Amino acid sequence: MARFLAVGNSQHLLQLYTSDQFVPFQVDPDDLVLNTKLQLFVLVAKQPAFHQLRTVEQLGYIAILMQRNDSGIRGLQFIVQSTVKDPGQLDERVEAFLKMFEDKLCALSIEEFENNVNALIEMKLEKHKNLREESLFYWQEIVDGTFIFDRKEAEVAALRKLMRDDLIEFFDTYIKVGSPQRKKLSVHVFGGRHSSEYNGAVCNEHDSSVYCIDDIFSFRKSQALYGSVKGGIGLPRLAAQD
């Protein structure tokens with residue numbers, strides 16, 4: 001479910017020239033099979049998202065679709081920065097893109113699907129360029145508390161078993177607009193050009209999707225989101241919530 005967040009001091013927000021929208025989607029607490037579906041989806045959708053949001057609609061210079069990893073919790077995110085649209089409008093355009101992309105994903109041919117799978121496998125099988133890159137790979141597993149040191153090989157094995165319908169099912173479950181299992185957080189930062197829209201959004205008490213957050217920790221605990229796989233410094237490990 002999408003959440004609109006009005007956070008912090010408005011004077012600081014209004015000093016920004018551009019408006020930004022940051023939209024992360026949580027997917028899974030480091031499940032290898034779901035990881036491969038997520039990575040494949042991002043590979044397939046990244047260029048169409050950039051083309052639609054930046055080239056066609058010209059929302060702004062920055063229009064990104066990418067993976068994210070929050071302490072072992074995997075997901076994807078959209079980041080859009082704009083001078084021509086306020087964050088609420090940017091959120092609408094991201095949702096519109098996902099609705100449009102659903103048709104393209106379902107129309108993806110078996111050959112196109114296999115080409116993307118093979119491209120992702122090739123990227124995963126690339127050897128580390130140097131000792132620093134290799135050590136960072138293993139150290140990240142330790143930092144996240146996941147300890148899957150043969151991750152590349154395991155994910156390649158999972159990719160070889162993946163079917164096109166599996167990717168569509170993944171989209172329908174975790175990304176599709178209206179899916180009951182979708183975990184979406186939409187963070188809006190208003191620039192100076194959209195000060196009136198910011199004031200209107202904060203004052204709109206009748207919109208159930210608008211939250212003014214005074215206590216970020218209480219807000220986080222109230223949401224049905226995954227906790228950290230490992231837990232943070234001085235914090236207990238958080239279990240997944242239903």
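Where is the place of Glu-126? I found Glu-126 in the loop between α4 (110-125) and α5 (131-144). Helices here are DSSP runs of H or I with at least four residues, strands are runs of E with at least two, and both are numbered from the N terminus.

Notes on the source: this is a predicted model, in which local features need pLDDT of at least 70, side-chain atom pairs count only at pLDDT 80 or more, and totals for chains, interfaces and linings use all residues. Residues are numbered from 1 along each chain as its sequence is written, and side-chain values use heavy atoms, with hydrogens and water left out.

Entry 1, surface charge. I looked up the exposure of Glu-126 and got a relative accessible area of 46%, which is partly exposed. The classes are buried under 20%, exposed over 50% and partly exposed in between (1.4 Å probe, protein chains only). Glu-126 belongs to a surface patch of negative charge together with Glu-122, Glu-133 and Glu-134. Patch residues have over 30% relative accessible area and no salt bridge, and like charges are joined within 9 Å.

I searched the whole structure and noted 8 salt bridges, each a side-chain nitrogen of Lys or Arg within 4 Å of a carboxyl oxygen of Asp or Glu.

I checked Arg-93 and found a salt bridge to Glu-57, with the closest N and O atoms 2.8 Å apart. Arg-93 sits in helix α3 and Glu-57 in the loop between α2 (32-56) and β3 (62-70), 36 residues apart. Arg-93 is partly exposed, at 31% relative accessibility.

I then took Arg-182, which meets Glu-95 in a salt bridge of 2.9 Å, N to O. Arg-182 is in the loop between α7 (164-174) and β5 (183-184) and Glu-95 is in helix α3, so this pair ties together parts 87 residues apart in sequence. Both Arg-182 and Glu-95 are buried.

Lys-124 and Glu-155 form another salt bridge, the closest N and O atoms being 2.5 Å apart. Lys-124 lies in helix α4 and Glu-155 in helix α6 (residues 151-160), so parts 31 residues apart in sequence are tied together. I also noted that Lys-124 and Glu-155 are buried.

Shared partners join the salt bridges of Asp-91, Glu-95, Arg-182 and Lys-184 into one network.

I counted 9 aromatic pairs in the whole structure. Phe-97 and Phe-101 are a stacked pair, 5.6 Å centre to centre with 25° between the planes. Rings of Phe, Tyr and Trp (its six-membered ring) pair if their centres lie within 6.5 Å; planes under 30 degrees apart are stacked, over 60 edge-to-face, the rest tilted. Phe-97 and Phe-101 are both buried.

How values were computed:
Patch = residues over 30% accessible without salt bridge, like charges linked within 9 Å, V, L, I, M, F, W, Y side chains within 5 Å. Areas by Shrake-Rupley, 256 points an atom, 1.4 Å probe, with all protein chains shown as cover. Lys, Arg positive; Asp, Glu negative; His and termini not counted. Charge placed at Lys NZ, Arg CZ, Asp CG, Glu CD.
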